[in-house]
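Please keep the sequence and the coordinates side by side while reading. The account below leads through them step by step.

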2 protein chains.
Amino acid sequence: MRNIKLLLEYDGTNYVGWQRQQNGRSIQGEIEIVLKQILQESVNVIGAGRTDAGVHARGQAANFRTETKLDLLEIKGGLNGLLPEDIVAHEIEEAGLEFHSRYSAKEREYSYRIALTPSALLRNFSWHVKYSLSIELMQHAANVLIGTHDFGSFCKANSDVDNHSCIVSVASWEINETFLRFVIRANRFLHGMVRALVGTIVDLGRGYISFDEYLKIFEMKNRSEAGMSVPAKGLILEKVFY
Amino acid sequence: MRNIKLLLEYDGTNYVGWQRQQNGRSIQGEIEIVLKQILQESVNVIGAGRTDAGVHARGQAANFRTETKLDLLEIKGGLNGLLPEDIVAHEIEEAGLEFHSRYSAKEREYSYRIALTPSALLRNFSWHVKYSLSIELMQHAANVLIGTHDFGSFCKANSDVDNHSCIVSVASWEINETFLRFVIRANRFLHGMVRALVGTIVDLGRGYISFDEYLKIFEMKNRSEAGMSVPAKGLILEKVFY
């Protein structure tokens, strides 16, 4: 038995998300179909982050167990030859049998891109915000995320996770002329957390809520208090740390 | 009579190019259809660069003459409301009646992106090169472009232009881990020039031709001597200078 680790990039625009589903093409499903062809064996591909429909990845990590005798370059070549152009396997390596891309991950990093003017070239990779925004307030809002906090207010209501505590090590806004980019790194992310956080921070940045109200939303630990979930297309899973 | 100037961004992936054509949707055609709806008048939109099918623009300039009394913000709002998402009007302004987006342009700047590994996110905005490339040689090749030269070897054979002299003010390669980006600025570009230049420089960088052969291709002034035309999707019209 071998355990093989993959580093994947994908454009999530045309997928129902990472996870195999009945209602459409998923990243996991596409990779499993191609691996079955290459390995002549059905495998279960585990992803570090179960990205939602329309969410992208520059550095998703995944692993699968297999009995194949094919060498790694043959598998990688087969994957990139057979996968659609919007999914690419960048790296492949042997992992210890105990390695689990989701449970072994120490941290994950996501980015979210806001376009300050509509963008033709990045329309599938950014969310256009029309409001004028206080970057200073939004940076303050990011700063208070650092550390260990309960993110219950930023977790999808239908989530069955009880523990909402996350340890955030990086949270900051990068700014250029026409785009804002939020980068956040944490040991774990609750379902929908980044998109609810960005929605709430934008509410603050545009003056819809005050900083005190922003802090109170945290204390509520209740998803209905937070801002709207911003569109999936601006979100990229950048990297998984082991 | 008014003469109105536009600054446009577009994703050329799904178009037959800038220019109106019988065989499919063009950028010019889309803009003219929308302007007719807004202005209740047929206008001819002139673009600074007639980008080919699949070529993109971050800063295409265009102009049109109109009798409309609508103010600029109404026209811009109408354009961005009615144009497809892959064409955006970023700026609109009144120009002097003598202004002609193509003939008045002093310089144009293009970029060409090469992906060193296949890219899922930038697959429509880069060309994946599998060869290992000498960046040093390619930078030398860029350096000799600066100044006034005859680019006859890099002009599409069917072009009816007699004068092949161009004045290049910027030509350089930007490098990061996974992409190379060629930036070139000149007073004018011959049809197919950037793509033929990049193809020839890549031939040099991968060792298929020597530096002497590269220089000789220039002297030949014969398109059949140069390298292949690289794919349109890596090319972006960045800016037009007036």
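Predicted model: local features only at pLDDT ≥ 70, side-chain atom pairs only at ≥ 80, totals over all residues.

Strand 1 of chain A, residues 2–10, runs antiparallel to strand 3 of chain A, residues 56–66, and eight bridges join the two; within strand 3 of chain A, A:Ala61 stands opposite A:Leu7. Strand 3 of chain A is also joined by two bridges to strand 2 of chain A, residues 46–47, again in an antiparallel arrangement, with A:Asn63 in strand 3 of chain A as the bridge partner of A:Ile46. With strand 10 of chain A, residues 235–241, strand 3 of chain A runs parallel, and two bridges join them; here A:Ala57 has A:Leu237 in strand 10 of chain A as its bridge partner.

In soluble globular proteins, nonpolar side chains tend to be buried together. The largest nonpolar core holds 62 residues, of which A:Leu8, A:Ile87, A:Tyr110, A:Phe154, A:Met193, A:Val194 and A:Val198 touch the most other members. Helix 4 of chain A, residues 193–205, supplies the largest share of this core, eight residues, while domain 1 (2–95) and domain 2 (107–241) of chain A each contribute at least three. When neighbours within four places in sequence are left aside, A:Tyr110 is in contact with A:Ile184, A:Phe189, A:Val194, A:Leu235, A:Ile236, A:Leu237 and A:Glu238. A second, separate core of 61 residues includes B:Ile31, B:Val45, B:Leu204 and B:Leu237.

In chain B, helix 4, residues 193–205, contains B:Val198. Is B:Val198 buried or exposed? B:Val198 counts as buried because 30 other C-beta atoms lie within 10 Å, where the criterion for burial is 20 or more. Apart from its neighbours within four places in sequence, B:Val198 is in contact with B:Tyr112, B:Phe182 and B:Val230. By contrast, the C-alpha atom of B:Gly47, 151 residues away along the chain, is separated from that of B:Val198 by 24 Å.

Finally, the two chains can be considered together. In chain B, 18 residues are in contact with 18 residues of chain A. On the side of chain B that touches chain A, two or more residues come from each of strand 1 (2–10), strand 3 (56–66) and strand 4 (87–95) of chain B, and strand 4 of chain B gives the largest share, three residues. Sorted by class, this side of chain B has seven nonpolar, five polar and six charged residues.

Methods: Residues numbered from 1 in each chain as written. Chains lettered and ligands numbered in written order. Contact = placed C-beta atoms within 7 Å. Helix = DSSP H or I, 4+ residues; strand = E, 2+ residues; numbered from the N terminus. Nonpolar A, V, L, I, M, F, W, Y, C, P; charged D, E, K, R; others polar. Core = buried A, V, L, I, M, F, W, Y, C linked by C-beta atoms within 7 Å. Buried ≥ 20, exposed ≤ 12 C-beta atoms within 10 Å, placed from the backbone. Domains from an automatic or database assignment. Pairing = 2+ DSSP bridges.
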